[in-house]
Amino acid sequence: MTEQLRDAATAGGDVRLTGIGKTYGDFTAVHPLDLTVPQGSFFALLGASGCGKTTTLRMIAGLEEPSCGTVLIGGQDVTALPPYKRPVNTVFQSYALFPHLDIFENVAFGLRRRGRKDVKKQVEEMLDLVELGPLARRKPHQLSGGQQQRVAVARALINHPQVLLLDEPLGALDLKLRRQMQLELKRIQTEVGITFVHVTHDQEEAMTMADTIAVMNGGRVEQLGAPADLYENPATTFVANFLGQSNLIPAEVTGRSGEDLLLSASGVRLSVPRARCATEATRIHLGVRPEKITIAHASETVAEGRNKLSGTVVDSSFIGVSTQYVVRSEGGGEIAVFEQNMERDTRITPGAPVVLHWNPAHSFGLDASQAIDAGTGEEAA
Amino acid sequence: MSRVFKWIREHLAVLAGILALAYLVLPNLVVFAFSFNKPVGKFNYEWSQFSTDAWTSPCGVADMCGSLSLSLQIALLATIGATVLGTMVAFALARYRFRGRAATTALIFLPMAMPEVVMAASLGTLFLNMRIQFGFLTILIAHIMFCLSFVVTAVKARVMSMDPRLEQAAQDLYATPAQTFLRVTLPLAAPGIAAGALLSFALSFDDFIITQFNSGPTTVTFPMFVWGASQRGIPVQVNVIGTAMFIAAVALTVAGQWIGNRRKAQA
């Protein structure tokens, strides 16, 4: 089975979207965008609800007609083709299993519509792959959420699509099962080598599974790259806040020292490598991830060459592997700090004076013309 | 004492069920019992003697089986007509936005809300003014009209509750629009369509008022026959037909349940 799927995959499963956009009357769901998904990759479209990611996916599937642009799959222009003529299959949100058919017939549906006889062997092999063989004669409503999800994947994969589209496939599962299915899906993708395009609003899910992530916001792709790349080098405040958590400190560029930009945040002097600054502007948001910051009691001395901010602990919460602090800093408002629970300084409690310090190379600079709270989920609409 | 109360509390639901069932079934049982009566005089209201005469010659009364056959024919055709037309209307109303949609929705509801006698009289006037000969056709048209509302209501409710993603999934899995309709849409809408059809059959079969206003001199349906006969004395055979209809309906329901259960057990 997996060999057959591999053959299908090597037939060419790259997806190329050129200038594709979608408008509903006055509302633009997707601004014209170009996107190339390399064959055999696990590609995630990540964004909050209403950002246009599902519309983009549906345009690849043919379930939504693009207002402009073209869709190419494996080099073939499929823009004008109806969904049933496209070499793609979809795993729908909440699965969309046919309630009147049993599991076997659900999985066999695609093969039967293309006039295949002898579907029995293939269906049984596919059900074994997702470990549902004994449940072949059950109806969908008799299965658990995780089992239904696996049926949905089997029903799509059995057709050897060039591209598998996944529309929030894990959204309906509880957290533990979701983690398990993430690994499972990743395993299947590696095994069959088919191009996966995965839509999700869960940044952790995208980072766990995808080779490449396109972060979407307001119908546009904000940034595209490997998970680690996006996390370490966000190009916009939206990406910085949506993908993980970021402290963004408003600062002014005051000068240069070698490869570093010298900054002033309400009088406190900080620095950032020029290469890690996504803008030439003089007013920037200096970003640093909470886990990159070291927290120390104010009485401790800090090595030279590190960015330093003094402040007072406002809140601390112990969450097992780490402790999360909120510190009101002198220069940059409230700063979140995640500290591993290795050697805890018992003096660091709410109210204690502390100094925060981090390697300047672990920070990044973003253009200050953007909303500082974009992508936090708390921004003013 | 408290044990008695406890017993009552625990069995109250069953008791209520039995009472409701008795209320519904008792008249049928009386009809059944009196189908074995051999009445003295014209009226079959007093028990006199056990006899199977009515059961052995159910068509022994003049014109009765003719009217029964006419009623069954009309009910069958009206059901088919109303179900096909109603299903199409229901899909159109549930799925598409078009000019006159709101008006159609409101008008479809009217036959259910309006007093039957008003509708019967106005239909009769319409046929008269159009100079259409009263008879089989006028009854059929009238029946299709009022059955239509029930089919539309039943099917529309079903279609509205159907997940549009199921049809998209079918298309995604290489089903052409025609295949999608036959393999996914229709089977999913089937319970609504069946409910509408059964309602239509029952309503058409026992309709009296609308039929009375729109029938010709030779088209006497079964309800009209019973009504006519009741002036002179209802023959025992009417009880036989009533009992047979009741048994058929119960058998149909039980069979439906049984098939449903077996499917569930198999799955």
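## Conventions and confidence

Two strands are taken to pair if DSSP finds at least two bridges between them. Helices (H or I, at least four residues) and strands (E, at least two) are DSSP runs, numbered from the N terminus. Residues are numbered from 1 along each chain as its sequence is written, while chains are lettered from A and ligands numbered from 1 in the order in which they are written. This is a predicted model, in which local features need pLDDT of at least 70 and side-chain atom pairs count only at pLDDT 80 or more, whereas totals for chains, interfaces and linings use all residues.

The model has an ipTM of 0.76 and a pTM of 0.77. Where pLDDT is low, the predicted coordinates should not be read in detail.

## Overall layout of chain A

Chain A contains nine helices and 20 strands. Along the principal axes, its C-alpha atoms fill a box of roughly 80 × 45 × 35 Å. Domain 1 of chain A covers 2–232, and domain 2 covers 245–293 + 308–367; such bounds come from an automatic or database domain assignment. The C-alpha centres of these two domains are 39 Å apart.

Of the 381 residues in chain A, 44% are buried. A residue is buried if 20 or more other C-beta atoms lie within 10 Å of its own, exposed if 12 or fewer, and partly exposed in between, with C-beta atoms placed from the backbone. Two residues are in contact if their C-beta atoms, placed from the backbone, lie within 7 Å. Among contacts in chain A between residues at least 6 apart in sequence, 67% join residues at least 24 apart.

## The four-stranded sheet of chain A

An open antiparallel sheet in chain A has four strands in the order β2-β1-β4-β5. Its edge strands, each pairing on one side only, are β2 (27–37) and β5 (76–77) of chain A. Strand β4 (residues 68–73) of chain A joins β5(A) through two antiparallel bridges, and A:Ile73 has A:Gln76 in β5(A) as its bridge partner.

Helix α2 (residues 53–61) of chain A lies across β1 (15–24), β2 and β4 of chain A, at about 120° to β1(A). Axes are lines fitted to C-alpha atoms, for helices over the stretch in contact, and angles run from 0 to 180 degrees between N-to-C directions.

## Strands around β16 of chain A

Strand β16 (residues 307–318) of chain A pairs with strand β17 (residues 322–329) of chain A through seven antiparallel bridges. Here A:Ser316 stands opposite A:Tyr325 in β17(A). The two strands make a hairpin with three residues between them, and A:Gly320 in the turn has a positive phi of about 90°.

β16(A) also pairs with strand β19 (residues 353–358) of chain A, in the antiparallel sense over six bridges. The bridge partner of A:Thr312 in β19(A) is A:Pro353.

## Contact between the chains

Chain A contributes 20 residues to the contact and chain B contributes 17. On the side of chain A that touches chain B, β6 (88–91) and α3 (103–113) of chain A each supply at least two residues. α3(A) gives the most, with three residues. This side of chain A comprises eight nonpolar, six polar and six charged residues. Ala, Val, Leu, Ile, Met, Phe, Trp, Tyr, Cys and Pro count as nonpolar, Asp, Glu, Lys and Arg as charged, and the others, Gly among them, as polar.

## A helix pair in chain B

Helix α3 (residues 64–95) of chain B packs against helix α10 (residues 222–232) of chain B at an angle of about 145°, with their axes 7 Å apart. From α3(B), B:Met64, B:Ser67, B:Leu68 and B:Ser71 meet B:Phe222, B:Met224 and B:Phe225 of α10(B). The residues of this contact are five nonpolar, two polar and no charged.
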